[in-house]
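Let's take a walk through a protein together.

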Amino acid sequence: NQCQFSWFCDGRSDEPLDTKTWMESLTVARDVMDGFYGDITEGATHYHNVYVKMQDVVAQTSNQTWSTYFNTKLRDRIGMSGSWIPVGDLSVYWSNTRSMARFGLMTYAKGKWENTQIVPEAFLNEATNTSQSINLAYGYLWWLNGKPTFHLPQTQFEFSGSLIPNAPNDMYAALGKNDQKIYVVPSKKLVVIRMGDVANPENPTFGLSGFDDELWQKINALTN
């Protein structure tokens, strides 16, 4: 399926507009093919969603299914409901708004539920801060607001400015498929959940969408 590559079916011209950058990219590509750079993929030819692979690692290490591990270690301990369902190459958690709110509140409380530490605080601190230099607005599966630049899924472009300009700078968020959202704002002691149908059926997105900034404009009108 040629449309698995985001650039092939995007309706845009493939004619290079920046000749200098295009020539530089050809030079880099030639050097890679000639073995000038080491193969950082170690021979890999296919992409796999990292979090799905992580679930496999946890299952193998714990000698139980991922669902059993998740339910025992997290879901049942904070009163969530729901289950993991395979959808194509993805693994999607099917749940409800209250359960997502519980997860968001546990994260806001630095991994605690009431007086019990569910997730190590040190791990959540790392997860909700920049994890690498490529995308400053991304931690460990959490999107980070207030950074000078950001990348979006399925693109190699770097965008200037904050991820969601209308949202507080200290906000971090789980931006799920079809506009399923968990926003956490420590400075405002606020957890916001959005579930339901995709905001724009004609242009469904994975991660950030125009809906995010529009929603926070409305929230600001109520909270500021």
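Helices (H or I, at least four residues) and strands (E, at least two) are DSSP runs, numbered from the N terminus. This is a predicted model, where local features need pLDDT of at least 70 and side-chain atom pairs count only at pLDDT 80 or more, while totals for chains, interfaces and linings use all residues. Residues are numbered from 1 along each chain as its sequence is written, and side-chain values use heavy atoms, with hydrogens and water left out.

Start at Phe150, which sits in strand β6 (residues 149–150). Its relative accessibility is 8%, so Phe150 counts as buried (buried means under 20% relative accessible area, exposed over 50%, partly exposed in between, with a 1.4 Å probe and protein chains only). Setting aside neighbours within four places in sequence, Phe150 is in contact (heavy atoms within 4.5 Å) with residues including Asn135, Phe157, Leu163 and Leu208.

Now step back to the loop between β5 (143–144) and β6, where you'll find Asn145. Is Asn145 buried or exposed? At 3% relative accessibility, Asn145 counts as buried. The side chain of Asn145 reaches the backbone oxygen of Pro168 at 2.9 Å, and a polar atom of that side chain lies 3.4 Å from the backbone nitrogen of Leu163.

Next, look for the nonpolar cores. A nonpolar core is a set of buried Ala, Val, Leu, Ile, Met, Phe, Trp, Tyr and Cys residues joined through side-chain atoms within 4.5 Å. The largest one has 21 residues, and Ile78, Met106, Ile118, Trp142 and Ile182 have the most contacts inside it. Helix α3 gives the largest share of this core, four residues. Pick out Trp142: beyond four places in sequence, its contacts include Phe103, Ala127, Tyr172 and Ile182.

Finally, what about the gaps? Rolling a probe the size of a water molecule over the atoms shows where empty space is left. On a 1 Å grid over the protein atoms alone, a pocket is an open set of points where a 1.4 Å probe fits, with protein on both sides within 12 Å along at least five of seven lines; lining residues have an atom within 4 Å of a point. The second largest pocket is lined by 16 residues, with Thr128, Asn129, Asp170, Tyr172 and Pro186 nearest its centre. Helix α5 supplies the largest share of that lining, three residues.

Terms used: A polar contact is a pair of N or O atoms within 3.5 Å; within protein, one must be able to donate a hydrogen and the other to accept it, and residues adjacent in sequence count only if both atoms are side-chain atoms.
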